[in-house]
Each structure stands twice: as structure tokens, then as C-alpha cells.
2 protein chains.
Amino acid sequence: MSSVPQIIDSSATAAVPATRMPSDERRVLVLEAATAVFGQRGYAGTTTDQVATAAGVSQPYVVRMFGTKEKLFLAVLHRALDTLMAAFRRALAEESDVPVHSRMGMAYADLLTDRGLLLSLMHGFVLGSDPEIGKTARAGFLEVYLFLKADVGMTPEEASDFLAHGMMLNTLVGIRMADEYDTNPDARELLETAMPTKLGLLRGLTGPDKIQ
Amino acid sequence: MSSVPQIIDSSATAAVPATRMPSDERRVLVLEAATAVFGQRGYAGTTTDQVATAAGVSQPYVVRMFGTKEKLFLAVLHRALDTLMAAFRRALAEESDVPVHSRMGMAYADLLTDRGLLLSLMHGFVLGSDPEIGKTARAGFLEVYLFLKADVGMTPEEASDFLAHGMMLNTLVGIRMADEYDTNPDARELLETAMPTKLGLLRGLTGPDKIQ
DNA sequence: GTCTATACCAAGATAGAC
DNA sequence: GTCTATCTTGGTATAGAC
């Protein structure tokens, strides 16, 4: 694979000892960095060193914190699913004239700003053959499906369609279709059709990646 | 990552010299094997040795044939896109009482039987940050979108919805949701809702993987 | 809590024989 | 056209110091 241009600023060299920090705080920082890198390069395509650099700590420390790279990825998936469900629950509880289904869609699209979150999930979703990752991915996907039916009140068809559009959104982000927005009218039309309201968010993700 | 249980029979040991074969024939065999493995494990998660074993040839020979692993993956993507477009064109040309949109959907779902084809595409789609892979993925995705509009006659909305359901199907396969069909009623309902007609194909993909 | 140093293995690629 | 042997790199994980 050719080297991937990066979004995340890598000027954070891990060489200089990171300032001491409570381990749970540090843990969150590393999880966020890992989410960004995994989202961009996928599970196998990511090295623990890339995560460490993005988080501004040393590579062995990342491994030390999570045990193995796989456990780190699983933690990323769980955090992503928790964040997603929390956003949905918030959107559901919200007082608003906007219909619930739309509010859910907007809540989902808003997660695009959480760098790599939806894409890390997507990478997990397509690795169903891996025993651990697959188990987590299926459980998470079904949790969302059930929530849409039981709590939001969608029919199976509505929930399935909602998820389909979510997967489409994930794909458009993953494929970086927004990079073609200005130069390819078809890409532009597709983006404007597939995500009319939240286009701004996607376009904000254009340009060279910020991860090292 | 824990080791992935396999679908493809690995009894094909490369140790015994493969019988000589015209290079384009061998090329196709390797491409098919590569499609299956890449579909299951993704680009970075696949080794050229796994591909070689699945194809029944030696690892250096795989590299020799395609130059690099990345070129092999790109060849897999191109072959997958060609196969997909050919299936669509065939479904379009077909005489039938079934409406075109349905015929397209069925043609797509039928590709599930081509082991790893749709999943290799999906893995490519989520690697848009990689310069080469991303370029190919975006071009292929847009080619399909344009075909749906220009040749099939879909509106942008219809084409976008069609693609959304395609991505949903890919995801359900990738996540191996069919593995839960018998034991989880929610998984079953979701599968029956998302792919009512072609469920049989998906279920056929259940069970231990056949790739080594 | 965090680092440096390093062991160890896996994997892509090359050389060269048959 | 296809293999065996091997070089080389890069990446996870461990040991141990501060």
C-alpha cells in the first residue's frame, strides 16, 4: 500500500516524555488517537506505533495500557458504540418539532466530527470473520437495530433503511468522496443527494489527513 | 487479531509444484483466490502467502505475477468492478416482466456467490485515504452511480438509495450476520427485512470460512 | 505513569535454479 | 512458468529503568 497522506498532526513526538497524567485520562487520549488512526487505515493497516505517535506517547506504553493491539481495537469499537448510542438517546430525549427519524439521522451525521469514529466501526463491521471483532461488531450492530425499533419506534423496514443510509454515509466518508466535490460534478450530485443536510460536515473532512 | 477461522480449503499446499499453466489462466486463479482472502481479511490483513496457499502456488510467484501486494489488490478491485458492471449490463439487457430496479438488485445480490467479491470492494471503499486504492475505489463507485442513472434511468435519489442498500448488504455479509440467523431472532428479522429475496445466498455463506 | 532498549517473528520482495 | 532459499524491514510485545 502506498503511504497514506495524513490528517492528524504528527508533530507530537513521543520522544519527549509526556507529562504525567491520571491513567484514565491518558487512556481516553489514546483511545481518541487510536480511533482516528484505525478509522483511516483499518485494523490490520494500523500500527501501535502510529497510534502512539498520534497520542504523543511511546509505542510500548500503548501496548502496556491495552495489552494487545486487538484489545485496543476492541476498546475503540466499544467506545464508538457507546458514543453512538449516547448520541441517539440524547436525540431521542430532545424536545423538538423535528420528527424523531430525522433527529436520529442528524445525530448520526453529527458523529462525523468525531474523527474516525464511524469509520472505525465500519472497519469492524467488515471484519466479521475475526472471532473477537466479529462478535463485538454484530452485537453492536444489533444493539442499534433494536434501539431503533424498541425505543425510536421504527418498523423493521424503517430501521433497516435507516441503517442502510448509515452504511452509505460511512462508505462515502471512507472512500473520501468529498475530495472530488469541487472537481467532479457527479461526485457532487451524489454527495448532495445522499447527505443533503450534513454536507458541510463531510466537506470539512476533505484534504490531507491529519494523522501521522 | 485472533486467528480467523477459514472458509477456503487450504489443503492446496503450494509445496508440490503446481502443474504448468498458461499465465493468464493462472492469473485468473490467483485473482479469484486473492478476492476470497482479501474479502475476508481486508487489504492489510491479508498476506501474499495466504493468497498463494489458497491459489495453490508459491508466495514469491504471486508477488512475481503482480509486482507488489498493492498491485494485486488493485487488480482484484478492477476485476470485481468489471464483474459487477457486467452483471448489471446483463440484467439490464435481459427481457423480463420484473422491473429493472428489481433486476439490478437481484443481479447485485447474486454476486454474493462470487466469494469475497463484494467484500473486497467494500474493503477498498473504506480505504479511501490510500492514494492508489482510494482513486480506484472512488472511480468505481462513481461508475456504478453513473450507470444507474444514465443506463438504468434512475433518479439521483433512486440511485443513491440503491447504493445505500448495496452497502447495507455488504455490511451484513462482512459482519457475518447470517451466522446468527438460527440463534438470534433479531438478526433473523433484520436479515429477512434487508434481503427478503436473496436470503438463501447469504445463509449459504454461514459457517466456518473456507480460506486458509 | 512513562520511557528506552531490544527480542522475536512475520511478511514482502529479490535472486537464482529448474 | 514456477519453485526454494533468503534478505530485509517493520511491527508487536517484553524487560526493566526512571
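Student: In which loop of chain A does A:Arg176 lie?

Tutor: In this predicted model, A:Arg176 is buried, with a relative accessible area of 11%, and its phi is near 60 degrees, a positive value in a residue other than glycine. Most residues other than glycine have a negative phi. As for its place in the chain, A:Arg176 lies in the loop between α8 and α9 (185-194) of chain A.

Student: What is the phi of B:Arg176 in chain B?

Tutor: B:Arg176 lies in the loop between α8 and α9 (185-194) of chain B, and at 11% relative accessibility it counts as buried, because the cut-off for that word is under 20%. Although B:Arg176 is not a glycine, its phi is positive, at about 55 degrees.

Student: How many helices and how many strands are there in chain A?

Tutor: Read along the sequence, chain A follows the pattern α-α-α-α-α-α-α-α-α-α. Of its 212 residues, 54% count as buried, and among the contacts in chain A with a separation of 6 or more, 68% are accounted for by residues 24 or more positions apart. The count for chain A is ten helices and zero strands.

Student: Is helix α2 (residues 48-55) of chain A largely enclosed or largely open, and what covers its buried residues?

Tutor: Seven of the eight residues of α2(A) are buried, so this helix is largely enclosed by the rest of the structure. The buried residues are A:Thr48, A:Gln50, A:Val51, A:Ala52, A:Thr53, A:Ala54 and A:Ala55, and α2(A) is followed by A:Gly56, whose phi is positive, near 75 degrees. What covers the buried residues of α2(A) includes α1, α3 (59-66) and α4 (69-93) of chain A.

Student: How many residues of helix α6 (residues 117-125) of chain A are buried?

Tutor: The buried residues of α6(A) run through A:Leu117, A:Leu118, A:Leu119, A:Ser120, A:Leu121, A:Met122, A:His123, A:Gly124 and A:Phe125. Helix α6 of chain A is accordingly described as mostly covered, and the number of its residues that are buried is nine of nine.

Student: Is A:Thr19 buried or exposed?

Tutor: A:Thr19 has its place in the segment before α1 (23-41) of chain A, and its C-alpha atom is separated by 9.5 Å from that of A:Val57, a residue 38 positions away along the chain. Its relative accessible area is 61%, and since the cut-off for this class is over 50%, A:Thr19 is exposed.

Student: Which residues is B:Gly42 in contact with, leaving aside its neighbours within four places in sequence?

Tutor: B:Gly42 is found in the loop between α1 (23-41) and α2 (48-55) of chain B, where it is buried, with a relative accessible area of 4%. Its C-alpha atom is 37 Å from that of B:Ser96, 54 residues apart in sequence. With neighbours within four places left aside, the residues in contact with B:Gly42 are B:Val37 and B:His123.

Student: Which residues does B:Thr136 touch, not counting residues up to four places away in sequence?

Tutor: B:Thr136 lies in helix α7 (residues 131-150) of chain B, and at 13% relative accessibility it counts as buried. Not counting residues up to four places away in sequence, the residues that B:Thr136 touches are B:Leu74, B:Leu77, B:His78 and B:Leu81.

Student: How are α8(A) and α8(B) oriented to each other?

Tutor: Two packed helices are described by the angle between their axes and the distance between the axes. For helix α8 (residues 156-174) of chain A and helix α8 (residues 156-174) of chain B, the axes come within 7 Å and cross at roughly 90 degrees. The contact includes A:Leu163, A:Met167 and A:Met168 of α8(A) together with B:Leu163, B:Met167 and B:Met168 of α8(B), and its residues divide into eight nonpolar, six polar and two charged. The two helices are therefore roughly perpendicular to each other.

Student: How many salt bridges does the rule find across the interface of chain A and chain B?

Tutor: The contact takes 53 residues from chain A and 53 residues from chain B, and the area buried between the chains is about 4,600 Å², of which carbon and sulfur atoms give 67%. A:Arg138 forms a salt bridge with B:Glu180, with the closest N and O atoms 3.4 Å apart. Across the interface as a whole, the number of salt bridges found by the rule is four.

Methods. Residues are numbered from 1 along each chain as its sequence is written. Chains are lettered from A and ligands numbered from 1 in the order in which they are written. This is a predicted model: local features need pLDDT of at least 70, side-chain atom pairs count only at pLDDT 80 or more; totals for chains, interfaces and linings use all residues. Side-chain values use heavy atoms; hydrogens and water are left out. Buried means under 20% relative accessible area, exposed over 50%, partly exposed in between (1.4 Å probe, protein chains only). Helices (H or I, at least four residues) and strands (E, at least two) are DSSP runs, numbered from the N terminus. Axes are lines fitted to C-alpha atoms, for helices over the stretch in contact, and angles run from 0 to 180 degrees between N-to-C directions. Angles under 35 degrees count as roughly parallel, over 145 as roughly antiparallel, 65 to 115 as roughly perpendicular and the rest as oblique. Contact means heavy atoms within 4.5 Å. Ala, Val, Leu, Ile, Met, Phe, Trp, Tyr, Cys and Pro count as nonpolar, Asp, Glu, Lys and Arg as charged, and the others, Gly among them, as polar. Buried area is the accessible area (1.4 Å probe) that two parts lose on being put together, summed over both. A salt bridge is a side-chain nitrogen of Lys or Arg within 4 Å of a carboxyl oxygen of Asp or Glu.
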